[in-house]
Amino acid sequence: MAQNGHRIVGLAAGAAAAVAVTATLPAAWCGRGAAKWMEGDAARQLRLSRGVARLVCDESLSRSRFRTGVSQFSGEWLFGSYLMAGIGFAQTVMEHPELHAQHAPPARRCIEGMLTDEVRAFDRESWGEDPLDGIDGPNHHAAYLGYLNFLLGLHRLAFGEDSYAGLNDRITAALVRHIDASPIVLLETYPGEVYPVDNCFVIGSVGLHQRATGSDHGAAIRRWTERARAKYVDPDARLLIQAVDPADGSPADEPRGSGTALGLIALHYADPRLARELYEGLKASLAGSVLGFGAVREYPRRRTGRGDIDSGPIVFGYGCSATGFSIAGARRYGDDAFFRRLFATAHLCGAPVSRGDRREYVSGGPLGNAILFAMLTTPGDDGRNGTGER
Amino acid sequence: MSRTRWWNPRLGPVSLSVTLVVAHAVLREILSRYDVVSCVFAAGGHVPRWMLSCAGAFVVVRLSVFLLVPALLAWRLVTAAVRRIAPACPVSPETGRSRGHGEKGAL
């Protein structure tokens with residue numbers, strides 16, 4: 001009897017230890033580097049930047065490198081890899097100006113990559129017109145021009161005036177003209193398709209241009225943000241609507257985590273208050289935690305929807321893209337606890353590996369590594385970690 | 001007399017943990033050479049099945065290494081410690097060994 005009792009005590013103690021360890025140790029282990037990333041540790045940023053430079057800038061990337069199965073999506077991912085890597089290089093220079101000379105060449109390669117004929121193809125195939133040839137025309141090209149102009153503006157803030165300044169001025173003027181002419185203030189990504197998240201980058205790029213050059217785009221920014229706050233932010237969930245009807249701006253999709261988490265990164269440069277409100281809405285409506293690992297839902301609770309190319313895989317309601325993009329908001333607003341939890345998830349899912357003086361996320365590929373580079377180096381909104389203000 | 005058959009190795013918590021850690025290291029090395037994320041994001045008929053299987057196995061093994069292995073080792077450590085601090089037990093006349101102390105468990 002005593003022997004059986006002893007065995008039961010042993011098993012119970014073992015089970016309790018197993019549960020306690022699972023609930024605490026894995027997240028603590030995976031999140032152990034988070035504090036250094038939050039502080040802006042230059043050595044960590046440099047190691048990841050070398051990995052991203054190898055994957056995105058040194059290797060010759062092409063659409064065929066991405067196996068999304070849809071030519072347009074593969075083109076978008078190629079474009080996105082250069083975009084996110086370029087954002088990361090610019091942000092690291094904002095935070096550590098001593099990296100200027102070292103990061104200028106890969107940053108330029110990212111912009112050059114986005115300007116290549118192959119990268120422009122995904123937009124050209126949708127519009128039937130090259131986006132650079134159509135800058136002064138009637139078509140919006142919101143995705144290509146908006147995201148490109150955002151990087152050009154950030155590059156200008158970080159590296160100063162260079163040969164891309166003229167293109168930045170020209171695209172900004174075209175985007176402001178389109179915003180002024182649009183009754184719904186939103187521009188079309190592709191013909192008949194309007195996504196507020198892409199438009200956050202459009203207006204964010206206009207805000208960046210204003211910061212970098214001192215030119216006044218206040219009227220366009222005010223008109224855009226007033227309309228967005230009233231029509232494109234879900235009043236209950238306080239999240240960005242994912243897609244709207246181009247005819248009248250009415251919602252064509254649910255408010256979602258992936259669009260909100262990505263959009264608020266750029267929106268900060270046009271309307272920091274609205275960006276902060278979206279971040280608080282995202283945390284209140286979507287943030288969750290499993291065993292200490294942070295995760296962000298794609299759809300608000302009590303609303304359901306399918307996963308798609310924007311959301312990535314959705315597991316138990318938590319979205320891959322929403323979780324990854326939220327790292328930027330957590331760092332921008334100094335949300336240490338949420339940042340640590342999300343960082344732990346990125347570590348668990350990304351499987352980082354160090355090779356010599358560089359670090360790469362095994363499961364990320366060029367796009368995943370570039371996204372994490374951009375998210376982990378997002379500047380703070382209160383002067384922390386380089387705001388880019390000159 | 002007990003026989004240990006080659007197809008039925010005594011796989012305990014420690015040896016299972018070691019196996020998982022080794023499998024994790026091998027799969028991580030393999031997958032670092034391929035763009036896994038786009039396969040997982042856009043899983044469909046066009047994705048090579050071996051690559052998808054490899055990615056799926058890696059996910060399972062990595063989650064196991066981080067979530068299961070610490071639990072297994074903690075369980076093994078605590079149960080072994082409890083057994084060790086247990087009061088001395090009488091030797092069973094049937095088995096001829098001290099129950100609770102000399103029991104030979106799998107690794």
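1. A salt bridge is here a side-chain nitrogen of Lys or Arg within 4 Å of a carboxyl oxygen of Asp or Glu. By this rule, 22 salt bridges are counted over all chains. The model is a predicted one, in which local features need pLDDT of at least 70 and side-chain atom pairs count only at pLDDT 80 or more, while totals for chains, interfaces and linings use all residues. Residues are numbered from 1 along each chain as its sequence is written, chains are lettered from A and ligands numbered from 1 in the order in which they are written, and side-chain values use heavy atoms, with hydrogens and water left out.

2. One salt bridge joins A:Asp117 to A:Arg120, with the closest N and O atoms 3.6 Å apart. Both belong to helix H6 (residues 117–127) of chain A, and because they are three residues apart there, about one helical turn separates them. Helices are DSSP runs of H or I with at least four residues, numbered from the N terminus. A:Asp117 is partly exposed, at a relative accessible area of 46%, whereas A:Arg120 is buried, at 14%. For these terms, buried means under 20% relative accessible area, exposed over 50%, and partly exposed in between (1.4 Å probe, protein chains only).

3. A second salt bridge pairs A:Arg229 with A:Glu277, the closest N and O atoms being 3.3 Å apart. This pair links distant parts of the chain: A:Arg229 is in helix H10 (residues 218–232) of chain A and A:Glu277 in helix H12 (residues 272–286) of chain A, 48 residues apart. A:Arg229 is partly exposed, with a relative accessible area of 29%, and A:Glu277 is partly exposed too, with 27%.

4. A:Arg358 and A:Glu360 also meet through their side chains in a salt bridge, at 2.7 Å from N to O. A:Glu360 counts as buried, at 6% relative accessibility. Elsewhere, A:Asp117, A:Arg120, A:Arg124 and A:Asp130 are joined into one network by salt bridges that share partners.

5. Helix packing deserves a separate point. Helix H11 (residues 257–267) and helix H13 (residues 320–332), both of chain A, have axes that come within 8 Å and cross at roughly 35°. Axes are lines fitted to C-alpha atoms, for helices over the stretch in contact, and angles run from 0 to 180 degrees between N-to-C directions. Among the residues that meet are A:Ala261, A:Leu262 and A:Ile265 in H11(A), and A:Phe325, A:Ala328 and A:Arg332 in H13(A).

6. Which residues does A:Arg256 contact, leaving aside its neighbours within four places in sequence? With contact meaning heavy atoms within 4.5 Å, they are A:Leu240, A:Gln242, A:Leu286, A:Glu298, A:Tyr299, A:Asp308, A:Asp310 and A:Ser311. A:Arg256 is placed in the loop between H10 and H11 of chain A, and at 2% relative accessibility it counts as buried.

7. A:Thr377 is found in the segment after helix H15 (365–376) of chain A. A:Thr377 is buried, with a relative accessible area of 0%. Its side chain reaches the backbone oxygen of A:Ala374 at 3.4 Å. Beyond its neighbours within four places in sequence, the contacts of A:Thr377 include A:Trp37, A:Gln91 and A:Arg331.

8. Finally, A:Ala165 lies in helix H8 (residues 165–181) of chain A and is buried, with a relative accessible area of 8%. A:Ala165 and A:Leu152 are 13 residues apart in sequence and 7.5 Å apart in space, C-alpha to C-alpha.

Notes: Helices (H or I, at least four residues) and strands (E, at least two) are DSSP runs, numbered from the N terminus. A polar contact is a pair of N or O atoms within 3.5 Å; within protein, one must be able to donate a hydrogen and the other to accept it, and residues adjacent in sequence count only if both atoms are side-chain atoms.
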